[in-house]
Amino acid sequence: MVRKICVLGAFLCTNAYAEEVIDPSDLTKVYTQAAVFVNSDADIRTAGMMTGAWSENIQFAGFIEANWGELNSDKADKFSLDYKSSRTQYFQVHAMGDQQGIFPRVGLSFDYIHQKVPNAKDAQLLSVGTIGVLNPTYTNGKFMLFPNIAYAVGDISGEQVDGVMLNLFATIPVSDSGAFIQAWPEYFSVSGDNVNLNSMTYNLMLNAPLKQDRTQWLMTKLEYNSIDMNGFKADGELTLEVGVKWFF
């Protein structure tokens with residue numbers, strides 16, 4: 001059974017412009033960065049991103065991440081460096097002509113996701129998605145909202161599937177240092193002739209800079225995930241993940 005396939009959520013949590021004061025709370029900005037995380041299941045996640053610009057109003061990023069850990073569910077809490085899954089993404093952000101409009105910046109993304117599945121064919125998905133930042137005037141500048149939608153198509157358990165992923169990200173500043181809380185629900189649903197997978201995930205993340213210049217951050221996330229696959233519901237699981245991210 002596929003435990004969880006994340007299409008865009010982890011990448012979108014960590015973007016900013018290299019030219020400006022580092023501000024990962026704005027998900028429609030991009031930075032060159034590297035990161036390493038470990039979670040309560042003893043899994044390790046490594047990630048990196050390179051960025052650039054096509055024009056003054058169009059920035060882009062290439063992102064890659066991999067997850068490492070124990071594939072045997074009977075030994076899920078044991079440390080291992082076995083390859084579990086990976087994701088490669090191209091992300092492009094457009095500054096819209098009307099900066100006073102509802103969505104002053106809009107991002108587009110293209111993903112390839114690969115996940116090992118013990119005793120079954122690997123899962124593979126291609127997805128295309130979009131995210132926008134709601135004009136802060138609608139929230140009185142107290143927090144930011146980022147609606148996100150993606151369409152995915154690929155192979156799960158040897159079956160061709162397609163479906164959608166929906167997120168609504170909220171980022172709330174908590175101090176003058178740049179620290180912020182990020183919270184978002186994620187709904188993921190794909191189906192095929194013999195596969196019907198639905199996943200609901202609730203995420204809460206605290207992000208705090210470790211250096212005054214904001215080039216190094218501590219990120220702590222709580223995630224609660226539940227899955228329904230072909231009518232078989234997996235018990236909800238709470239996972240803690242802690243990591244460090246470096247911006248360049």
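Begin by selecting strand E7 (residues 144–156) and strand E8 (residues 159–173), which run antiparallel and are joined by 13 bridges; strands here are DSSP runs labelled E of at least two residues, numbered from the N terminus, and two strands pair if DSSP finds at least two bridges between them. The model is predicted, so local features need pLDDT of at least 70 and side-chain atom pairs count only at pLDDT 80 or more, while totals for chains, interfaces and linings use all residues. Residues are numbered from 1 along each chain as its sequence is written, and side-chain values use heavy atoms, with hydrogens and water left out.

Within this pair, pick Ala152, whose bridge partner in E8 is Gly163. Then move to the hairpin of E7 and E8, which has two residues between the strands, and find Ser157, which takes a positive phi near 55°.

In the hairpin of E8 and E9, with six residues between the strands, Gly178 takes a positive phi near 110°.

Now show every strand from E1 to E12: a closed barrel of twelve strands runs E1-E2-E3-E4-E5-E6-E7-E8-E9-E10-E11-E12, with antiparallel pairing. Neighbouring strands of this sheet are turned by 20° against each other on average, direction ignored, where the axes are lines fitted to C-alpha atoms and angles run from 0 to 180 degrees between N-to-C directions.

For the aromatic side chains, select Phe60 and Tyr90, whose rings are stacked at 6.3 Å centre to centre with 25° between the planes; rings of Phe, Tyr and Trp (its six-membered ring) pair if their centres lie within 6.5 Å, and planes under 30 degrees apart count as stacked, over 60 as edge-to-face and the rest as tilted. Because Phe60 lies in strand E3 (residues 58–68) and Tyr90 in strand E4 (residues 83–95), the pair ties together parts that are 30 residues apart in sequence.

Finish at Leu218 in strand E11 (residues 216–229). Is Leu218 buried or partly exposed? Leu218 is partly exposed, because its relative accessible area is 33%, and buried means under 20%, exposed over 50% and partly exposed in between (1.4 Å probe, protein chains only).

How values were computed:
Helices (H or I, at least four residues) and strands (E, at least two) are DSSP runs, numbered from the N terminus.
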